[in-house]
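I opened the model to look up its metal site and its charged pairs. My notes follow the structure.

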Amino acid sequence: MSFGIDNLPYGVFSRGDEAPRVGVRFEDSVLDLTAALHDEVFATPSLNAFMARGHRAWSETRALIRQKLSTDLAVTATHLVPLDQVTLHLPFEVADYVDFYCSIEHASNLGRMFRPDEEPLKPNWRHLPVGYHGRAGTVVVSGTPVTRPHGQVRMGVFGPTAKLDIEAELGFVVGSPDGASFEERVFGVTLVNDWSARDIQAWEYVPLGPFLGKSFATSISPWVTPLEALPRIPGRVQDPAPLDYLRRAEDWGLDVTLEVELNGEIISRPPYQGMYWTPDQMLAHMTVNGATLRTGDLYASGTISGEQPDQRGSFIELTWNGTEPIKLADGTTRAFLENGDTVTIRATAGALSLGEVSGTIR
Ligand code: MN
């Protein structure tokens, strides 16, 4: 069951004029946790207060919810609100936002495009998870319209971007900065669409990296799936072996597959399973210099791309250099996004659904 008792992602919902509060998705309903668990930590418009309680509280709460939804279902059902009666909000207050570049296929594809005369991967790529700091304040929840950004699209030219793109990514939410391990620090995962204006990005990014080509909007799904719920698989072999601070006690990856839908048609199925750098390595890297974490920090994997042409997580890779533009059933084609286009990214983790993140360009 995609939203059954083994999933139970957390989100923030409201019904009518009621104040937004924390709930858990169960099948086609939201369990009102304030009412079901009699705990005021859930009567707030973000997951942050609950996440700050730490790993033991997350585990105990999840076990309690599972019990209430199985043995006590008759009572608990009175606190289930049908999904079609609620508005879903940004699930947590985003503290800092970092975006990585962890797919070797994506990094290689972009290297070949931007630097055709060089090795596709820069010398640092296999030695550390490359990343940049993004803009936490413009992280928005799924369903929020995305306004086509204006900027310097090339030398001397200001105007609307002509190369509006997506990046299909997985995001990791820091719950408890003081946790003793990755599992005690990271609360769960969410889907991320890192909207990107490729013309603005190409002109501005040297030498300090992405800036206005990315910071206008980053969309996330309304549900945060607990790390505890996610199936693990063996991780990818890393060559060369990473430095000690990036070495892992246990070799694991996440069994997550994404799909990218444009105006109702699936155009790509990016596989998270093959990502090179892993979420525990990203967390180790972003704090190894003494940088602190806060509850609500969001860090994302970077564009997820697989080896196959239909597994790429961005338009620039799907349509680049001689490849046919994306053909849609209505007879139109796309190299990049047009106004009115809707992109929806969904994902599954084994039998579980991670929900979706959607946005329409205006
Ligand atoms: Mn990105």
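These entries take the metal site, then the salt bridges.

I am working on a predicted model, where local features need pLDDT of at least 70, side-chain atom pairs count only at pLDDT 80 or more, and totals for chains, interfaces and linings use all residues. Residues are numbered from 1 along each chain as its sequence is written, and side-chain values use heavy atoms, without hydrogens and water.

**Metal site.** I looked up the protein donors of the manganese ion and found D99 (OD), E167 (OE), E169 (OE) and D194 (OD), lying 2.1 Å from it. Donors here are N, O and S atoms within 2.8 Å of the metal (3.2 Å for Na, K and Ca); water is not among the atoms, so sites may look incomplete. I noted the sequence spacing of the donor residues as D-x67-E-x1-E-x24-D. D99 sits in strand β6 (residues 97-100) and E169 in strand β12 (residues 168-174), 70 residues apart, so this pair links distant parts of the chain. Strands are DSSP runs (E, at least two residues), numbered from the N terminus. Both D99 and E169 are buried (under 20% relative accessible area; exposed is over 50%, partly exposed in between; 1.4 Å probe, protein chains only).

**Salt bridges.** I read 23 of them in the structure, each a side-chain nitrogen of Lys or Arg within 4 Å of a carboxyl oxygen of Asp or Glu. R115 pairs with E118 at 3.8 Å, N to O. R115 counts as buried because its relative accessibility is 19%; E118, at 45%, counts as partly exposed. E338 meets R334 at 4.0 Å, N to O. R334 is buried at 6%, while E338 is partly exposed at 41%. Shared partners join the salt bridges of D165, E167, D194, R198 and K214 into one network.

Methods
Helices (H or I, at least four residues) and strands (E, at least two) are DSSP runs, numbered from the N terminus.
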